[in-house]
Amino acid sequence: MSYEVRGLNEECGIFGIWGHQDAAKVTYFGLHALQHRGQEGAGIVANDQGELKGYRDLGLLAEVFDSPEHLEALTGDAAIGHVRYGTSGSGGINNIQPFLFKFYDGNFALAHNGNLVNAKSLRREVEKTGGIFHSNSDTEILMHLIRKSEALSFKERLKEALNQIKGGFAYLLLTEDAMYATLDPNAFRPLAIGQMKSGAYVVASETCALDTVGATFVRDVEPGELITITDSGMEIDIYTDETQYSICAMEYIYFARPDSNIKGINVHSARKNMGKNLAKECRVEADMVIGVPNSSLSAASGYAEMSGIPYEMGLIKNQYVGRTFIQPTQELREEGVRMKLSAVRGVVEGQRIILVDDSIVRGTTIRRIVKLLKDAGAKEVHVRISAPPLKYPCFYGIDIENKKELIAANLSVSEIRDEINADSLEFLSEEGLIEAVGLNLDAPYTGLCMAYFNGDYPTKLYDYESNLLVEQGV
């Protein structure tokens with residue numbers, strides 16, 4: 001059975017700094033720490049005494065800024081940057097951010113992480129009134145809404161625009177005299193604020209980027225907040241009080257770096273707890289536990305610790321090969337799996353193995369890994385997944401928009417086990433995942449968006465509503 005899908009694609013990474021003499025260079029290093037969030041393109045816009053200048057291109061960050069001249073030309077003491085994996089809009093340089101807008105009354109730069117669920121409707125309305133789009137990304141819509149607003153100040157126009165867009169979003173805006181950071185009312189995407197010893201403020205998708213540039217964590221951007229950073233300091237406003245934490249569960253499971261903290265929870269610790277709960281729920285007799293590098297190693301160590309079964313390094317990752325979902329076709333993705341992972345025959349031969357992974361999207365990768373281990377002489381391979389089955393599409397910034405892309409939405413657990421040729425297959429329960437992360441918000445709220453697993457979307461889906469109803473047979 002073939003599942004021709006794009007895979008579990010990450011959203012994007014954003015980074016901004018205000019008040020540092022080498023702002024663009026610091027932004028480069030910050031984006032480097034966020035490269036795992038997007039590998040399709042990168043860009044930086046810097047503010048040099050009110051003049052905004054930018055550079056962007058397709059490729060990894062180091063490929064985009066492969067010449068010192070690119071960074072050296074971006075002088076100034078403020079900058080925002082972006083690494084992209086396209087969740088909305090096609091590839092191509094016109095969709096690479098930050099977007100730089102030059103108007104008669106000022107210049108603006110905009111970077112976005114997430115996906116708007118009413119983007120098509122808003123775009124249609126904007127175009128009806130004469131608006132012209134330079135990209136097919138939903139990011140550009142916010143600037144059109146700002147320009148359409150008749151509010152007196154830029155901040156009020158921005159607030160008005162933010163109340164019109166729906167979905168998952170973390171924005172950074174750079175103007176001639178300020179940097180703005182804002183988060184959607186559900187905080188689907190993480191966004192953290194830090195401060196350097198020099199006093200410069202830093203905003204980043206993950207706290208690991210703050211650590212990389214030597215910034216001390218100050219606070220998370222809260223849902224519905226609008227943060228304004230100027231030479232006078234940081235000012236906190238809200239654009240809506242209709243908020244409820246629904247952090248993307250996949251941030252903890254897969255997307256974020258293990259050294260990042262999201263709402264005070266360390267990602268490695270959460271993943272290790274997932275592994276421990278998985279061992280409690282899904283025990284099996286075996287000789288060793290192996291994790292799929294790199295995002296599943298924390299969960300595998302937790303499983304081994306709780307089960308008392310030794311943890312071994314049975315798979316080696318070639319660190320110089322990008323994540324397989326970047327490949328545009330199924331054939332290239334399968335080739336990517338062969339290139340990036342190798343089984344350690346001297347470790348796995350003749351052994352009963354518990355293979356811990358963080359998710360199964362289409363089954364292609366895990367099937368190939370099971371085959372790698374069995375070809376290397378493994379006697380048994382028992383697959384344990386440190387998350388519940390992915391059965392429902394996501395509309396808030398992950399590039400899965402229908403059920404046919406998800407093997408767990410089409411096959412039972414036993415059928416998936418047979419499909420991937422595992423000796424057994426079990427998944428972590430929703431309760432086990434929620435307890436492992438441990439956000440401890442007031443019941444009934446878990447603080448997590450669990451829609452991938454149970455179809456309980458925390459917002460209206462607007463433009464996607466009809467698609468979902470069709471899938472559900474309504």
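Guide: Start with contacts, meaning heavy atoms within 4.5 Å. Leaving aside neighbours within four places in sequence, Asp358 is in contact with Ile253, Tyr254, Ser295, Ser296, Ile385, Ser386 and Ala387. This is a predicted model, in which local features need pLDDT of at least 70 and side-chain atom pairs count only at pLDDT 80 or more, while totals for chains, interfaces and linings use all residues. Residues are numbered from 1 along each chain as its sequence is written, and side-chain values use heavy atoms, with hydrogens and water left out.

Visitor: Where does Asp358 lie, and is Asp358 buried or exposed?

Guide: Helices (H or I, at least four residues) and strands (E, at least two) are DSSP runs, numbered from the N terminus. Asp358 lies in the loop between S20 and helix H13 (364–375). Buried means under 20% relative accessible area, exposed over 50%, and partly exposed in between (1.4 Å probe, protein chains only). Asp358 has a relative accessible area of 3%, so Asp358 is buried.

Visitor: With which side chain does the side chain of Asp358 make a polar contact?

Guide: A polar contact is a pair of N or O atoms within 3.5 Å; within protein, one must be able to donate a hydrogen and the other to accept it, and residues adjacent in sequence count only if both atoms are side-chain atoms. For the side chain of Asp358, the partner is the side chain of Ser295, at 2.5 Å. Asp357, in strand S20 (residues 352–357), has a side-chain polar contact with Ser296 (2.8 Å). Asp357 counts as buried because its relative accessibility is 8%.

Visitor: Which residues does the UniProt annotation "binding site" cover?

Guide: The unreviewed UniProt entry lists Ser295, Asp357 and Asp358. They are spread over 64 residues of sequence but cluster in space, with a largest C-alpha distance of 8.0 Å. UniProt positions are given in the numbering used here, feature names are shortened, and annotations may be inferred rather than shown by experiment.

Visitor: Which residues touch the most other members of the largest nonpolar core?

Guide: A nonpolar core is a set of buried Ala, Val, Leu, Ile, Met, Phe, Trp, Tyr and Cys residues joined through side-chain atoms within 4.5 Å. In the largest core, of 74 residues, these are Met250 and Tyr252. Helix H8 (residues 249–255) gives the most to this core, six residues. A second, separate core of 29 residues includes Val26, Ala33, Val64 and Leu71.
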